[in-house]
Amino acid sequence: MKDTPLAPIQRVSSVDAYRGFVMFLMMAEVLRLEQISESFPDSAFWSFLAFHQSHVPWVGCSLHDLIQPSFSFLVGVALPYSMASRASKNQSTSVMWYHTLRRSLILILLGIFLRSTHATQTNFTFEDTLTQIGLGYPFLFALAFVTERVQWGALVIILFAYFLAFAFYPTPGPFFDWSQTGTTADWEHNLKGFAAHWNKNTNIAWAFDRWFLNLFPRQKPFLFNGGGYATLSFIPTLGTMLLGLIAGKWLKSAPSYNWLIKRCVITAAILFAMAIVLNLTGVNPIVKKIWTPAWTLFSGGWCFLLLAAFYYLVDVKNKRSFFLFLIVIGTNSIAAYIFAHTIDSFIDESFRININRNYDVIFGPGLKSLVSGSVILLIEWWILYWMYKKKIFIKI
């Protein structure tokens, strides 16, 4: 690859395309590929797609598991550009802090609101993607003012401290009440030995939520999260955003395309190696649902690789037109996130009322969700495209 100097870029299309890609994966949940796979149990094709549209039970990774870390990573990537834009408008640091804290609060409240849309009362939960980002965002902003060496040091401290918190929390003893965890002692995905400190709903993050979430009004006391997700995951998620912040600074100031892509690929390789060693030795498993330090490293490696791939294809090879579908989503990601959580059932029901009650069985009952999901995605994208053309963007 020729070592071509970078031109000044105000908005990086590859970042929008990458963000649009992960948002599309989230929006595409309406396709319910797992249901289709169940209708065609002998199809390896549908089984493969269904796996990658689902979260793994505990240890490991699917494509779907990379949505939240990618979105968090890209928050960090965008921050240097946002700060530079505000600085160009002569905004003081205190004004920037005001916007940061306001954005943080809005993200937290929006996350809670979206998790409460189908509840009978406000669902005070803090493991939603937006809420997790909101909790860590002020710390990310503070770290944006320090040197890259200090940022790497902060990442090490964050992950090591989080590791120690889990490692020193006792594992279940012989008289442990497993009914309080939503799992069992013989659950097939339980880890053994030292790695058991990171088992589902028997760790320090679960214990914290048993105290913290019960401070809020609830219909019944909080005992456990069915998926094992936890509020404290915002701490290592901050590590993911910090990796994005470092990548964003590289992207903004890189001397050449070649330099940037090489650095991203090398960084990804190092992160992968560290994560896999931690997982294989049993020191720290790769678990997305509680965002283990090994997961932060492993998913961070994927984020650097995906950023480099989109950057090469969209910006270096200038294939922006081929990625317009994703760029439309990525430039209005908050709107896309809200649509995916609010209007999907409205679109489906509107088609049933105005087109045909059984419009989705046109290709047979086994592909119902593929038809209805495709209709929902098409309408949501058309709305986003209209907003894109009209330059209507939801910003926080």
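**Close-up 1. Left-handed crossing of helices H1 and H4 in the predicted model.** The crossing of H1 with H4 is left-handed.

**Close-up 2. Residues at the contact of H1 with H4.** H1 contributes Val15, Tyr18, Arg19, Val22, Met23, Leu25 and Met26. On the H4 side, these meet Ile67, Ser70, Phe71, Phe73, Leu74, Val77 and Ala78. Sorted by class, the contact has 12 nonpolar residues, one polar and one charged.

Close-up 3. Ser13 has a relative accessible area of 13%. Buried means under 20%, so Ser13 is buried. Apart from neighbours within four places in sequence, Ser13 is in contact with Val314, Asp315, Arg320 and Ile327.

**Close-up 4. Cysteine sulfurs of Cys61 and Cys264.** The structure holds zero disulfides. A disulfide requires two cysteine sulfur atoms within 2.5 Å. For Cys61, the closest cysteine sulfur is in Cys303 at 9.7 Å, which is too far for a bond. Cys61 is partly exposed, with 23% relative accessibility. For Cys264, the closest cysteine sulfur is also in Cys303, at 11 Å, and this too is too far for a bond. Cys264 has a relative accessible area of 2% and is therefore buried.

Terms used:
Residues numbered from 1 in each chain as written. Predicted model: local features only at pLDDT ≥ 70, side-chain atom pairs only at ≥ 80, totals over all residues. Heavy atoms only, no water. Left-handed = near helix turned anticlockwise from the far one by under 90°. Helix = DSSP H or I, 4+ residues; strand = E, 2+ residues; numbered from the N terminus. Contact = heavy atoms within 4.5 Å. Nonpolar A, V, L, I, M, F, W, Y, C, P; charged D, E, K, R; others polar. Buried < 20%, exposed > 50% of the residue type's maximum accessible area, 1.4 Å probe, protein only.
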